[in-house]
Amino acid sequence: MPEITEKDLPQAQKALWLRALSAIQTQNLPYAISILQAILKDLPEFLDGRKVLRKVEIQNTGGAKKKGGLFGGGGFSAMKYSGGVKKDPAGTVVALEKELEKDPLNEGANDLLFECFMKMEMPDSAAFALETVRKGPPETPKLLHKLAQHYLSRDMPQQAGEVYSDILKIAPTDSEAVKGAKDCAARASMQKAKWDENSSMRDLMRDQAQFEEMEKAARTGLTRDQLEERRDKIVLKYNEDTNHLGTVKELAGVYEQLEDWANAHAFYSWAHTLSNGDVALQNKASQMNDRANEAHMRSLEEAAAQDPGNADLQAQLQERKAARLAEQVEEAKRRVEQNPTDPQLRYDLGNALYNTGDYTSAIPHLQQATRNPHIRTKVLLLLGRTFKAKHMFDLAIKQLSDALADLHAMDNTKKEVLYEKGVIHTEMGDLPSALECFKQIYEVDYGYRDVAQRVESSYAG
């Protein structure tokens, strides 16, 4: 599950995010915490939101660790949550966040949070959990060693070396930290030298300066006018050397921030070519192309909505929709061919085929995608819908029942699965089973879709 940033938030969560920031500005910290926890419950991958949440919690609790307790202070018991790390890491994250609200620097809770995020394939969020311990400061260097190893496993020797330096402040005679600090310094030096073996030292220094400038811009959050001014400066550098990878990547990034998806796609594609096949840049280019197509589609939809009597415009919209679906299928097929064992890519292809109405072809890809436990629930939900579309209602019910077996908390995902299952039971004529599904949602969320009407009408007469 890749981490997301503020710009990736859905509209509903973006409104909540702005409300939380407003609450922080007015020092209404408990309210801000409750909003941020609600956002993260639905979007655990929103790392920036989790960072703000932790900062607010530390401020709200005074920044001091709670003492006492067998597993890390404040009466926290790791045994209570250890089983959930393997069985339901996402649900356990939600529970651990409630513990951290009271004691955000708790070492045991943050250690378990690290394990949950590793199970969910969110390495940046995992690192953040132990970075919170590092700021504590920690009582022992044990978790700092774990953080250093995490950075090393991701080929981040500079960050690992900084952690080892902190360990030596706590335990100056720690031989593993002494050796680790030296090894990391050497690895970091070699890594920097390999950034561009053909560049002179002056070029390397220029690249580093550009990188630091980009990082600074990203942290400060530039206005549109400032971004456009920055773009114009980078364009001048690009015109001097159109083959300089750092400049091309920087220009692509600015176009992305400006939401100029077409230019962002063009420059990420060029950066991919200059990098001799960097997969990350290839994926970025694909993302920008998708967003450019989505933007074009939205503009067509808006124009068609404003002029419903324009037959040519309506036909153009339908033609573009069909072409877009076909493009998504071809792109998903290409990615699966490159990495046929990746369950996420299989899901993407199955989803694309489902959207075109090719349910039969979607099924085998979705079945393979169930191997990944982190996306298994949404795969089963889509499989259920696929079997439903083929009127294979018994098989659809089986997929949704399997999905419910993996869900514990009544979150949006569980409501969606229950609702879909209830609709299928209704189509099968099994009204008692349908009502049972709808009632489970009704008990916790009266306003969910048309659940209230379905449940209450069953009592009429």
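The following legends describe close-up views of a predicted model of a protein chain.

**Figure 1. Overview of the predicted protein chain.** The secondary structure comprises 23 helices and zero strands. Of the 461 residues of the protein chain, 40% count as buried. The chain exposes about 24,700 Å², of which carbon and sulfur atoms supply 52%. Among contacts between residues at least 6 apart in sequence, 51% join residues at least 24 apart.

**Figure 2. Confidence along the protein chain.** The mean pLDDT of the protein chain is 85, and 89% of its residues reach 70 or more. For residues 215–220, where pLDDT stays under 50, the model has two contacts beyond four places in sequence. Where pLDDT is low, the predicted coordinates should not be read in detail.

Figure 3. His145 belongs to helix α8 (residues 142–153). With a relative accessibility of 12%, His145 falls under the 20% limit and therefore counts as buried. Leaving aside residues up to four places away in sequence, His145 touches Tyr164, Ile167, Asp174, Glu176 and Ala177. His145 and Tyr164 are 19 residues apart in sequence, while their C-alpha atoms are 7.3 Å apart in space.

Figure 4. Side chains of opposite charge can pair when their charged atoms come close. Glu115 forms a salt bridge with Lys146, with the closest N and O atoms 2.5 Å apart. The pair links distant parts of the chain, as Glu115 lies in helix α6 (residues 107–119) and Lys146 in helix α8, 31 residues apart. Glu115 is partly exposed at 29% relative accessibility, and Lys146 is partly exposed at 24%.

**Figure 5. Further salt bridges of the protein chain.** The count of salt bridges comes to 34. In one of them, the side chains of Glu420 and Arg385 meet at 2.9 Å, N to O. Glu420 lies in helix α21 (residues 412–428) and Arg385 in helix α19 (residues 376–389), so this pair ties together parts that are 35 residues apart in sequence. Glu420 is buried, with a relative accessible area of 9%. Arg454 forms a salt bridge with Asp450, the closest N and O atoms being 3.2 Å apart. Arg454 is partly exposed at 25% relative accessible area, and Asp450 is partly exposed at 27%. Elsewhere, salt bridges link Lys7, Asp8, Glu256, Lys284 and Arg291 in a network.

Figure 6. Tyr255 lies in helix α13 (residues 245–257) and Phe267 in helix α14 (residues 261–274), so the pair ties together parts that are twelve residues apart in sequence. Both Tyr255 and Phe267 are buried. The rings of Tyr442 and Tyr446 have centres 5.5 Å apart and planes at 55°, so that pair is tilted. Tyr442 counts as partly exposed, at 27% relative accessibility. Ring pairs also link Tyr238, Tyr255 and Phe267 into a cluster. The charged end of Arg449 sits over the ring of Tyr419, 4.6 Å from the ring centre.

Methods: Residues are numbered from 1 along each chain as its sequence is written. This is a predicted model: local features need pLDDT of at least 70, side-chain atom pairs count only at pLDDT 80 or more; totals for chains, interfaces and linings use all residues. Side-chain values use heavy atoms; hydrogens and water are left out. Helices (H or I, at least four residues) and strands (E, at least two) are DSSP runs, numbered from the N terminus. Buried means under 20% relative accessible area, exposed over 50%, partly exposed in between (1.4 Å probe, protein chains only). Contact means heavy atoms within 4.5 Å. Accessible areas come from the Shrake-Rupley method with a 1.4 Å probe; for residues, only the protein chains shown count as cover. Rings of Phe, Tyr and Trp (its six-membered ring) pair if their centres lie within 6.5 Å; planes under 30 degrees apart count as stacked, over 60 as edge-to-face and the rest as tilted. A charge sits over a ring if NZ of Lys or CZ of Arg is within 6 Å of the ring centre and within 35 degrees of the ring normal. pLDDT is the predictor's confidence in each residue, from 0 to 100. A salt bridge is a side-chain nitrogen of Lys or Arg within 4 Å of a carboxyl oxygen of Asp or Glu.
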